[in-house]
Amino acid sequence: MALDTRTDRRPSFAGLLWGSTVGKKTAMAVSGVVMLLYLVAHLLGNLKIFFGAGEFDAYGQWLRTVGEPFLHHEWFLWIARVVLVVCVVTHGVAAYQLSRRDIAARPTGYVHKRRRASYATRTMRWGGVILALFIVWHILDLTTLTVNPRAESGHPYENLVASFDRWYVAAFYIVAMLALGLHIRHGFWSAAQTLGVGSRARDRVLKTVADVLALVLTAGFVSLPVAVLCGWVS
Amino acid sequence: MKLTLRVWRQKSPDVPGAMAAYEVDGISPDMSFLEMLDTLNEELILGGQEPVAFDHDCREGICGACSLVINGDAHGPERTTTCQLHMRSFRDGDTIDVEPWRAAAFPVVKDLVVDRSSFDRIIQAGGYVAVPTGAAPDAHATPVPKPDADFAFEHAECIGCGACVAACPNGSAMLFTSAKVNHLNVLPQGAPERESRVLEMVSTMDDEGFGGCTLAGECATACPKGIPLFSITSMNREFVRAARKRR
Ligand code: HEM
Ligand code: SF4
Ligand code: FES
């Protein structure tokens, strides 16, 4: 008589991933890359600020009509928001859980201290915390307009200028964008290793792309508060 | 050479330890680091003191028994094992800090000796090939493409010393585990367990309390056998492939 050799339930693909340090890192890499792609699109949109209020506000209006008539008004925007929230939460929860594990795995440090790994690598956790705080502030400031001094819905250009006219807000944005640059520098290359596409032959290309992405995104995003502070955009 | 050593002393796993300073004189630059410790221990024994406990076996860089974090570096300043490290890498009058591997999964047994049986359990979870016993098969019975053989051999060089764990800021065993997984997964002999091997070994690695990989790269810098960081990349690929296939 043939007996069932295996009667237990096999874990699902997602369960297998989330239940292991390697798989959780995969979830971080995928969510990180999705956010990274979003940031590239977001930057290209934001740079329209340099073409004046008319074009920038019109771009904001257009975002609400993307996909019509297949999608209802603003549906595209809501889909993007849901995807991003899922990514931020997955990424943040995995980062928190893995970090707790990592710290517990080295309970006693070495008496003889020495610097380990690069600056970008060592600042992934605190940089991530800065990014998380930034994301919350950014949404309250320019999406919900809760903390925006002007808060006129449908006028993103004016709201943005009003926000960055406060030097401390502009300064916080700039610090957050520097943290973002460092995060991407280590993060993009890391994601390639986590997803198994890195190799000795591709390493220089991947590191260069990481540096270019980090530099372009940081410089691009920083140019907005700087332009407002300098009065080029008002 | 005359040296000052600051060595981690700890009587047993559950009592607190501390660094203790010792002077050693008459050290030849041609001695290995372990021979230098032998000299210290002879003096300690003659003085009626407890010698410093440390792990060693082959003393020729192939067994992986020796350990020691020397001045903050696993296996010391040269890229080799502690038994193959010579005192000419230090200068007369130096103060040298000697500590055990530090990781939750490598508890201190005594002084500089740690319990690395967590590595054995990772191997037991899949670091082998299931083969029928009997006479050794002919070497050419199963052809292996040259690039695969090279890849397998590069990873087979891992001696299981644990320097990668000691150097990693997260006490992660990813380099060791990936070396073992890649070594067998690329070979036809390892193919039947290709999926279960990576899943079980990673799962055991997690259960033993090792940390996760943040790609800091410290492991591959410390590894005396030059296991590359991309070994981890290859294992990540194997893991996701196996997780998809095993549903
Ligand atoms: C919610 C705020 C965030 C937190 C708390 C956070 C935290 C972290 C941490 C702790 C890591 C792992 C670091 C390491 O492996 O050394 C990481 C990796 C990464 N992060 Fe973030 N991060 C955040 C936001 C972002 C954003 C906005 C992006 C988009 C550009 C991003 C992209 C990445 C990428 C691509 C990785 C690499 C994943 C991998 O190693 O495979 N993160 N993040
Ligand atoms: S990967 Fe290198 S450092 Fe780690 S156990 Fe193997 S030989 Fe030692
Ligand atoms: S004692 Fe065998 S490798 Fe050092």
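Trainee: Which residue forms a salt bridge with Asp102(A), and how far apart are the closest N and O atoms?

Mentor: In general, side chains of opposite charge can pair when their charged atoms come close. In this predicted model, Asp102(A) pairs with Arg125(A), and their closest N and O atoms are 3.0 Å apart. Asp102(A) belongs to helix H4 of chain A and Arg125(A) to helix H6 (residues 124-143) of chain A, so the pair ties together parts that are 23 residues apart in sequence.

Trainee: Is Asp102(A) buried or exposed?

Mentor: The reading rests on relative accessible area, with buried meaning under 20%. Asp102(A) has 3% and is therefore buried, whereas Arg125(A), at 35%, counts as partly exposed.

Trainee: Into which domains is chain B divided, and what separates their centres?

Mentor: Chain B comprises domain 1 (3-110) and domain 2 (116-246). Taken over C-alpha atoms, the centres of these two domains of chain B are separated by 29 Å. In the contact between them, 20 residues of domain 1 of chain B meet 20 residues of domain 2 of chain B. The area buried between the two domains of chain B is about 1400 Å², and carbon and sulfur atoms give 58% of that area. Arg79(B), Ala105(B) and Phe106(B) supply 41% of what domain 1 of chain B buries against domain 2 of chain B, more than any other three residues.

Trainee: How many salt bridges are counted between domain 1 and domain 2 of chain B?

Mentor: The count is one salt bridge between these domains of chain B. Separately, the side chains of Asp55(B) and Arg116(B) meet in a salt bridge at 3.2 Å, N to O.

Trainee: Which residues make the nonpolar surface patch?

Mentor: Val30(A), Val34(A), Trp75(A), Ile79(A), Val83(A), Leu195(A) and Val197(A) make this patch of about 570 Å². Helix H2 (21-46) and helix H4 (75-104) of chain A each supply at least two of its residues, and the largest share, three residues, comes from H4(A). Val34(A) is placed in helix H2 of chain A and is partly exposed, with a relative accessible area of 32%.

Terms used: Residues numbered from 1 in each chain as written. Chains lettered and ligands numbered in written order. Predicted model: local features only at pLDDT ≥ 70, side-chain atom pairs only at ≥ 80, totals over all residues. Heavy atoms only, no water. Patch = residues over 30% accessible without salt bridge, like charges linked within 9 Å, V, L, I, M, F, W, Y side chains within 5 Å. Areas by Shrake-Rupley, 256 points an atom, 1.4 Å probe, with all protein chains shown as cover. Salt bridge = Lys/Arg side-chain N within 4 Å of Asp/Glu carboxyl O. Helix = DSSP H or I, 4+ residues; strand = E, 2+ residues; numbered from the N terminus. Buried < 20%, exposed > 50% of the residue type's maximum accessible area, 1.4 Å probe, protein only. Domains from an automatic or database assignment. Contact = heavy atoms within 4.5 Å. Buried area = accessible area lost by both parts, 1.4 Å probe.
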